Amino acid sequence: MTVYSQINKNISRYVSFEKEELEIFNSLLEHKKTVKKTTLLRAGEQCSFEAFLIKGSARKYYIDANGAEVILQLAVEDAWLSDISFSMYEDSPSNVFIETLEDCEFFIFSPESKESLFKKAPRFERAYRILMERHLAVTQNRLFETIAKTATDKYVAFLEQYPEHANRFAQHYIASYLGISPEFLSKIRNKLARL
C-alpha cells in the first residue's frame, strides 16, 4: 500500500485507469501536512487548489451579514476541499474560509497541474467531470434538506452521513452546518436520547 492508495482508490471509483495514468496523476500531487486550526483559504483570497483529505478533519464556511460563521462543509478523510465557485476558475476572490479542525494531511492539486494531467492522461477529464456532477448533486441535496427538512430530520441525516465521525466535530460546528442554534441542537439530542 502506497501513500497514494487512498486518493487513487477515490478517483478510480468513477473511471478505470492504467497504472501509468495513475503514476502521472500521483507525480502532479503535492503532499502537505498541517496542524489543527490552520487556515488554508481566507475570504478575499483567490482559491488556487483542490485538496484531497488523507487524514484529519476540516471545515469550509463563510461569515454572514451578522458576523456569524455558517458552515457549508464538514470534511473528513477521503473528501475533497476547495472553493470551486468563481474563485477557482474565474480569478475572483473567494467568499469562504477553509480551516483544519484537526492535524491534517492532504494532497494538493493546482489548476495548472490539473490541466497538465488532462493533457497527459485525458481520461482524468472524465473522472473530474463525474466528480463535479456528484459534487453538484450533493450540494443540491443539501440545499433541499436545508429548506425542506425539520431540524431533527437534518440532524438524523447528519448522523447517518457521519456515523463514526460526528463526535469529532464540536456541537456548535454541527449546529452551524445544520442551520440551527447550538441550544436547539442540544434539545434535539436530548429528545433523541430519550427515544
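Rings of Phe, Tyr and Trp (for Trp, the six-membered ring) form a pair if their centres lie within 6.5 Å, and the planes make the pair stacked when under 30 degrees apart, edge-to-face when over 60, and tilted for the rest. The model is predicted, so local features need pLDDT of at least 70 and side-chain atom pairs count only at pLDDT 80 or more, whereas totals for chains, interfaces and linings use all residues. Residues are numbered from 1 along each chain as its sequence is written, and side-chain values use heavy atoms, with hydrogens and water left out.

Q: How many aromatic pairs does this rule give, and which residues form one aromatic cluster?
A: The count is 13 aromatic pairs, and one cluster is formed by F17, F25, F52, W80, F109, F118, F124 and Y128.

Q: What makes F17 and F124 a stacked pair?
A: Their centres are 3.9 Å apart with 10° between the planes, which is within 6.5 Å and under 30 degrees, so the pair is called stacked.

Q: Why is the pair of Y61 and F97 called stacked?
A: The ring centres of Y61 and F97 lie 5.0 Å apart and the planes are at 10°, so this pair is stacked.

Q: Why does Y61 count as buried?
A: Buried means under 20% relative accessible area, exposed over 50% and partly exposed in between (1.4 Å probe, protein chains only); Y61 has 8% relative accessibility and therefore counts as buried.

Q: Why does F97 count as buried?
A: F97 has 17% relative accessibility, so F97 counts as buried.
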